[in-house]
Amino acid sequence: MAMDSGAQQPAFRLSMLLYDSRYRSMTIQVFALFVLMLGAAWLVYNTKTNLEALGKPFGFDFLFNTAGYDIAQRPIEYSSQSTHLRATVVGLLNTLILAVMACIMATVLGVAAGVLRLSKNWIVARLMTVYIETFRNVPVLIWIIVVSAVMSESMPAPSAFRGENATSSMLLFDSVAITNRGVYVPAPLFSLDLGAMFGMPNLGTGLNWLVIIAVLIASFWLNKRLLAHATAVQNATGVRPKTWWKSLLIFLAPLAVLLVIFGFHAEYPELRGFNFTGGIQMRNSLIAMWIGLSIYTAAFIAENVRAGILAIAKGQTEAAYALGMQPGKTMRLVILPQAMRVIVPPLISQYLNITKNTSLGLAVGYMDLRSTLGGITINQTGRELEGMLLLMLIYLVISLIISTVMNYYNNRIKLKER
Amino acid sequence: MSDTHAQTVAFVRDTMLPPEAPPTTQAGAVKWMRENLFSGWLSAILTVLSLLAVIGIVYELAPWLLNSVWNANSLTECRAILDGASGACWAVIRVNWLQLMFGFYPSDLYWRPILAFVLLIVAVAPVLFPSVPRKLMWFSVVYPFIAVWLLWGGSVWGPVMVLLGLAVLGLFIMRAAEPLGTVPTSAMAVVLFLALFFNPPGWFNLDLGIFPIVQNIADLLGGIIPIELRPVPSREFGGFMISIVIGVAGIALSLPLGILFALGRQSNMPLIKWISVTFIEFIRGVPLITLLFTASLLLNYFLPPGTNFDLILRVIIMVTLFATAYMAEVIRGGLAALPRGQYEAADALGLDYWKAQRLIIMPQALKISIPGIVNTFIGLFKDTTLVVFIGILDPIGRASAIRATSDWQGIYWELFIFIGAVFFVFCFSMSRYSMYLERRLKTDHR
């Protein structure tokens, strides 16, 4: 047919909507859109009918009602008289605290285990293989519950620390107490409260921390300038000036001065009556989630790290040696930058998994976002639909932020070909 | 010349010496240890530390395992038998293991899940291993219906008619696709599907009495020739049985759905691509628990008033959707890794889209993504433990219930070691199988 008509366009016929691949995709898409809209309309209609039958309005006004329940771990001020919205924020903060803690510990453990699994040392490599395979192949929920059970059933009660012949003692120069009610660690305190000084008592010592972080960022920037200067000198003269003591000074001196001005001191936990007071109490739920998530995810991170290092061709090491590079420099300048390209994307998706797995806090009573907004608030107000929508939305936003960071990183380190 | 030589050298060896044994530090166990355990001071420190760790663990574990108590009815009894010594109380498993396996499934019907499990092995064998006769594949196709009937019981005609209905549908698609073309066939297949399994006139409040056709025929046949197993309601399911049911169903369904969404995401039709991306990113962005809670709390809002369907079925759907999104991303990776030339070669041969996918693209893309696919399967199987949060008594739920009884309060290691070991066996064998499959399908000669 095409041969006969040559360059001439064949006239449009209705059957071409089905049989001509140029138009067929339009037909399929219009059909899909139709089905999609129909499905959405059906769902919305059903929901509306069901909500009306139950006599429930749709809205988020319940967030401003009094919550009426307590949350054990509260990073910001909260009482049972606060609103559901505040309970949600407390839950979100607890989720983020746990996620950050678990990410840090999982990375440390995972990188160590991954590197050690590649070690030439036979016994170390075998031990790490056993660790990785055991933890990867058993559900994380079991690890969390086991840690929680160990904490609450095998650890000494606070009373065991008392008296002349105490059966338990505190660790690390009497600063850390591990009990069946949680782990007590020293709390960092400031005698100079900037928040109170500048008339913002709500912030508490938060302002102090902000100042410290700002100073650290400034030190970091200064150090970067110093290193750039050193490189410039090296390029000009061929000799790199010694910078390590300057770097150390840049970081430590301002921090030390600041801490002295603020009157930094630690408050140690002390046994008073039946329990420890003072310091920071890390509850069993937090410990169980933290340790459980970390050791489980670390096994996956270890495999990512191993894969990343193995992915670098041996020729790269040999080429670096041929250029006369030392083993340390070879690792730092040749192997690691290339391995990072393989390691970091799966590493970030492990962080994403940790963040999502914090929702297992329910199993050990950790009051994260899912237990506050998605648990008690929903049960008390009966607003399942709105609560779950909000919950999913928050998790979705967190995930999208993390994956945006990942995409940014991926694009930055991507091999530029042609 | 030779004479002088003969005079100056008194003796010339004309046979080879036998080779000497290497020095003791360069042979046998000593050499191995020097190379593998003490190759440097760091390595030596690590070796000593590892040895200390191993010895410490064995020192703690050995008496605990050696003093195991198998016959007791409570933890107090166990401790009385042990008399202060350290020892494991495996009696808790011995007493409760049937519950850990089957939940509250009626004990006189245990043969049904066991038979279903044995048949499962028969059904997956031809899929997993090429040495098993190909004809068994037919059994694999029929197996899901047998399993549903065995596990839930009820009339045999339900599953049989659903199977027949699907067979009719499949036959129609195969016969009609050539003469009619893809799009009309699909549209007609959808209509046929709705007519067979649903009640389309019922949506407009018409009751013709013949829809859903499959269900009505099944009821009719059940009235004439009643072949029935005692029905078991879903709430009596539990233990590892429920993990395996959800896991196997999720695995079997998520792979084909994942392929569809991966293709959708690669599609050059903007709308299809947009739908796939939204679905995948939404599911991957929220924790599985929120989806499970949606299944248990919210589904009643989204369905017509009065609809109420099985909790296990809802969970299977949600777990499948969750795994589908991850599967789609894994397969997309495989598709992206294929050289463009493969697509162009398929086009050049004049294959249409589905033929190209089936014969050229998918076999290669799936092969590349085997490790990722099996990882997703393993993740899915481990994630079945989360159903405990919506009140299904999976092994962890049973374990918590056991730990809450007065007899076994305070026990945890034994229970969780047992549960963990069972999960480990399943997941570890899956990962080993994936390695075997990779080796078997390897066609390059590196």
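A: **Confidence and the nonpolar patch**

Chain B has an average pLDDT of 85, and 97% of its residues score at least 70; pLDDT is the predictor's confidence in each residue, from 0 to 100. This is a predicted model, in which local features need pLDDT of at least 70 and side-chain atom pairs count only at pLDDT 80 or more, while totals for chains, interfaces and linings use all residues. Residues are numbered from 1 along each chain as its sequence is written, chains are lettered from A and ligands numbered from 1 in the order in which they are written, and side-chain values use heavy atoms, without hydrogens and water. For the complex, the predictor gives an ipTM of 0.85 and a pTM of 0.85.

The patch covers about 1100 Å² and is formed by A:W122 together with B:W32, B:M33, B:F38, B:W41, B:L42, B:I45, B:V48, B:L49 and B:L52.

In chain B, α2 (28-36) and α3 (41-66) each supply at least two patch residues; helices are DSSP runs of H or I, at least four residues long, numbered from the N terminus. Helix α3 of chain B gives the largest share, six residues. B:L52 lies in this helix α3 of chain B. B:L52 is exposed (over 50% relative accessible area), because its relative accessible area is 54%.

How values were computed. Patches are made of residues with over 30% relative accessible area and no salt bridge: like charges are joined within 9 Å, nonpolar side chains (Val, Leu, Ile, Met, Phe, Trp, Tyr) within 5 Å. Accessible areas come from the Shrake-Rupley method with a 1.4 Å probe; for residues, only the protein chains shown count as cover. A salt bridge is a side-chain nitrogen of Lys or Arg within 4 Å of a carboxyl oxygen of Asp or Glu. Buried means under 20% relative accessible area, exposed over 50%, partly exposed in between (1.4 Å probe, protein chains only).
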